[in-house]
Amino acid sequence: MIVPILLILVGFVLLIKGADWMVSGSSALAKKNNISNIAIGLTIVAFGTSTPELVVNSFASFQGHSDIVFGNVIGSNNFNLFIILGIVGLISPIVVQSNTVWKEIPLSLFAVVILYLLCNSFFFQETAVLTRLDGLVLIVMFGLFLFYVYKQLKTETLVPEIAIIPMSTRKIWSLIFIGLSGLVLGGKLVVDNAVEVASSMGVSEKIIGLTIVAAGTSLPELVTSVVAVMRKNNDIAIGNIIGSNIFNIFLILSVSSFIRPIEFAPLFNTDLYILAGGTIFLFIAMFTGVKKKLDRWEAALLLVSYLAYTVYLIGKEV
């Protein structure tokens, strides 16, 4: 038991440093190429911090652990939305751009709705299975999302937000690559050893997926967003969360279903309802208090509500 705990701590260190390097490199890249930070957050940072989910889900799908696959993605998205945005919003109220309010947040809700319909046999099959055909639908949606981001790059004008120390192209990509490597390795160490510890306690795969695995693979998003908001880079922080949630559903679940069709347990519908409700709450929060800003009390509400739900889930198991 001591060795897995030590490896988890090593994973945390790698995650923290990896996130630091990722934010530094991606912010410098945005400024160097006259690209907005929100676009970088929605793509490079979102993909980088979603890599642990991709690695874990690929292995879980190949080995036929359906509950780990869905628990990881749905749990990670809820963790991103409720826990990470809650923590980040408590550190500093998050100012949100108009495009994020009217386009990216609704798009993340659309992703939840599409996943719900596909998994609950509304379209192509009679049983609750995410098939390869469903995966094709999701990957097409992912392609459309990337096209949307590309169009944003063509229409957005860059507004300087913070001073970034100029870096050479080699140093920028070195930071991003090393940061990604640290995130992937750190996330894998945390997840693998946390699952080993939890399994020895006799906890179900569903709960492991929704809690320990989801939290473990979301640690890159957590650390990256915290580092970003402490550096006054709200666009990286919010873009990372919204982008990761879209990546998780459209890309990671599609890849998982291509590896092997995934059986969907109807019990996960409750977690999808919570994810949809949290996304709607985030949208409404943009029009309460200070407009286009996640205020501290709203962030606290997100955090407390999901912590209470997590305690309820664990309480049902023990």
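Asn77, Ser108, Ala111, Val112, Asn245, Ile246, Ile249 and Leu275 line the second largest cavity. Two elements each give two or more residues to this lining: helix H4 (98-119) and helix H8 (234-259). Keep in mind as you look around that this is a predicted model.

What sort of residues surround that space, in terms of nonpolar, polar and charged? The lining divides into 5 nonpolar and 3 polar residues, with no charged ones. The cavity itself has a volume of about 30 Å³. A search of the whole structure turns up 2 cavities of 30 Å³ or more.

Now step back to the chain as a whole. Its secondary structure comes to 10 helices and 4 strands. If you trace the chain along the sequence, the order is α-α-α-β-α-β-α-α-α-α-β-α-β-α. So much for the layout; next comes the packing.

How much of the chain is buried? Of the 318 residues, 53% are buried, meaning that their relative accessible area is under 20%. Then there are the contacts: among those with a separation of 6 or more, 83% are between residues 24 or more positions apart.

Note on methods. Residues numbered from 1 in each chain as written. Predicted model: local features only at pLDDT ≥ 70, side-chain atom pairs only at ≥ 80, totals over all residues. Heavy atoms only, no water. Buried < 20%, exposed > 50% of the residue type's maximum accessible area, 1.4 Å probe, protein only. Contact = heavy atoms within 4.5 Å. 1 Å grid on protein atoms, 1.4 Å probe; cavity = no way out; pocket = protein on both sides within 12 Å on 5 of 7 lines; lining within 4 Å. Points joined across faces, edges and corners; volume = space filled by probe spheres on them. Nonpolar A, V, L, I, M, F, W, Y, C, P; charged D, E, K, R; others polar.
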